[in-house]
Amino acid sequence: MNSRRWLLAATCAVGVTAGILGFQGRAKTPPRVKKSEPKTSMNPTVENPQLTLASTNSNSRLLPEQAARFDLIFQNLSSQEAAFASLTGNDSTPSLQLFDGTGTLVSKFNSATIRRRSGGHMHDPPSPASLVYLQTGVQDGSQINLWNFTAPLPPGRYRLQAAHQIRPGAHSVDAATAFEILPASVSSVAMNYGVSDHGSSLLSWLAQPLDKKASPEILVRLSASDNHGAIMNGATAAGQVAVGAHLTSSGLPPFSDIGDHGWLAVSHGTKIELIRHALAQVTWRSGEFDVELANLQPVPRFPDRGHALFLATGTRHGKPLLMGLRVEDDPARSSAPPAAGSKLVPGPSAPIGVNLSAPIPGAVPPTKPITAAPPPPAKRELPAYHPWTVPLQGEPVRTAVAFHREGPITILLVYNKEGVSTLSRIDIDESGQVLKPETVILAGNKLAEIWAVAIDARKDQPISFLALGGDRKNRNQLALIKMPLEGASTVQDFPSLPGWPSKTVNGQSVPLAAVEIVLETAPDGRPWLAVIDEDGHLSGGVLDGSPLKLLRAEGRCSNAYIAALPGHVTPGCFTEKGELFPAGDHGHSH
């Protein structure tokens, strides 16, 4: 099994079998006392336990789909050591209740909820009580990921309440916190895959609150193995960007042995920044730097060979160029900047060397401090990034890239002039040396304009580019062009694609214009199409002559994507409030 697939599967399994199922315990306590050790007094007259609950997000304002994480902290404020029920490892405690802004109960759940959502056994005998011995002032801590218990919530105000029975047969203590999910506008969606065989989807996008009181935020969502609808932990916030910035995701070589990390690129004006992530958690950032290229257009799914080879087109002094830059996550050059995160677990972009031993305000530090991470290496003077450039025949409107783990890199360039498209390709190496000069491979066909491009990269199959051509007058008349890296191109015509979105005018069906078109190749080799029409409705399906299906007709949606996993292909989009469609099954998948 691919090591990345194993890691994803193991992570899901741990979330369902360990502890309280969905509470990622990070207890700030001494190790559990063994039975042979002396028991402490449990006199209730001196007991004073306290439970606190707080969002890891500093202002409790979340974006749709953003991971909803909360710190749950149980502290012994009694005058002596005592044994208490642990926050992890117990079947029925702690328990959670979720209320909406009107105070109406939305849902309640505990560890059994996770078992039910993951398809586990509900008739297993109850586990023995899990106790933790806490000295005076010491805490037992756990982190709650709310989307492990319920599907991500729509925008609105909510209140989460936790109750914890201090030990079997004893009373409970409770705590509550309020949070808000803000409606948002979404832009710059980038679909990629967590592993090279499409075993999990990796969806990244920019989301900005509709009230525009905050800048756009990068969100990165990693699905469970072979289930786009099931999430690992919810979309992780990866930092704010300038309004108008563009987000691009890297792509993995087909069926390679890498895949435990990925790359994102943020571009704005003439500047870019590369971001390294693991399991959708930011681990390193290059820092912003200027590539001195105007009209910058990043190449989608630029090569990830462990290091990134960022590719983009643009102009310098009016001349069209292809730009490339190799970037490695060198910790001596830069590192992930600090971000507000859990008091128990550093946030996804917390700095290396964060002091985990620092006490939570108002609390007594544990008697056995947690060892802090080593500090980052000292910065040294490093040369600036210097991208290479190669002249192009024009300014392409669409691009795609094909590559293996090693060797040449082939880029497809789509030009559009007066409504007629021309396709060419250029072969380079990582240093920018031109291996095969730019060559036209298709020019001026009967379906004048190329609307979408994709890659067909399957195991034991030659890599091919795919291009979808269409006619703006006859909107449902399409052609799929397949261009292998070696060999002749082929064209499959669709004279009148059934199921194309339409409206009735004077008793006749009139095809609607497509605002967005996405083309993707499924692991079985079938091309899939997603279309958002002029009314904002989503249609999609296999591009084999069978009818497209109307998938969403309520309201308007934008930013179409296709998640093509081995077990299921999901065309999707984002709603007007920034929610993911389809919502799907957001429970764990195994």
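The following legends describe close-up views of a predicted model.

Residues are numbered from 1 along each chain as its sequence is written, and side-chain values rest on heavy atoms, with hydrogens and water left out. Because the model is predicted, local features need pLDDT of at least 70 and side-chain atom pairs count only at pLDDT 80 or more, whereas totals for chains, interfaces and linings use all residues.

View 1. Strands here are DSSP runs of E with at least two residues, numbered from the N terminus, and two strands pair if DSSP finds at least two bridges between them. The open sheet has the strand order 3-11-10-6-7 with mixed pairing, and its edge strands, strand 3 (61-62) and strand 7 (105-109), each pair on one side only. Strand 6 and strand 10 run antiparallel and are joined by six bridges, with Phe99 standing opposite Arg159 in strand 10.

**View 2. Gln161 and its surroundings.** Gln161 belongs to strand 10 (residues 156-165), and its side chain makes a polar contact of 3.0 Å with the side chain of Arg159. A polar contact is a pair of N or O atoms within 3.5 Å; within protein, one must be able to donate a hydrogen and the other to accept it, and residues adjacent in sequence count only if both atoms are side-chain atoms. When residues up to four places away in sequence are not counted, Gln161 touches Ser95, Leu96, Gln97, Phe99, Ala175 and Ala176, where contact means heavy atoms within 4.5 Å.

**View 3. Strand 14 and its pairing partners.** Eight of the eight residues of strand 14 (residues 217-224) are buried, that is, under 20% relative accessible area with a 1.4 Å probe and protein chains only, while exposed means over 50% and partly exposed lies in between. Strand 14 pairs in the antiparallel sense with strand 13 (residues 201-209) over six bridges, and Leu219 is the bridge partner of Trp205. With strand 16 (residues 236-240) the antiparallel pairing of strand 14 runs over three bridges, Thr236 being the bridge partner of Val220. Two bridges join strand 14 to the antiparallel strand 15 (residues 227-231), and in this hairpin, which has two residues between the strands, Asp226 takes a positive phi near 60°.

**View 4. Phe179 in the largest nonpolar core.** A nonpolar core is a set of buried Ala, Val, Leu, Ile, Met, Phe, Trp, Tyr and Cys residues joined through side-chain atoms within 4.5 Å. Of the 30 residues in the largest such core, Leu146 and Phe179 touch the most other members, and the largest share, four residues, comes from strand 11. Leaving aside neighbours within four places in sequence, Phe179 is in contact with residues including Phe70, Leu98, Leu146 and Leu153.

View 5. Most residues other than glycine have a negative phi, and most peptide bonds are trans. The bond from Thr93 to Pro94 is cis, with omega near 0°, and Pro94 is placed in the loop between strand 5 and strand 6; a cis peptide bond also joins Phe581 and Pro582, with omega about -5°. Leu279 has a positive phi of about 50° and counts as partly exposed because its relative accessibility is 28%. Asn559, in strand 41 (residues 557-564), has a positive phi near 55°, and this residue counts as buried because its relative accessibility is 15%.
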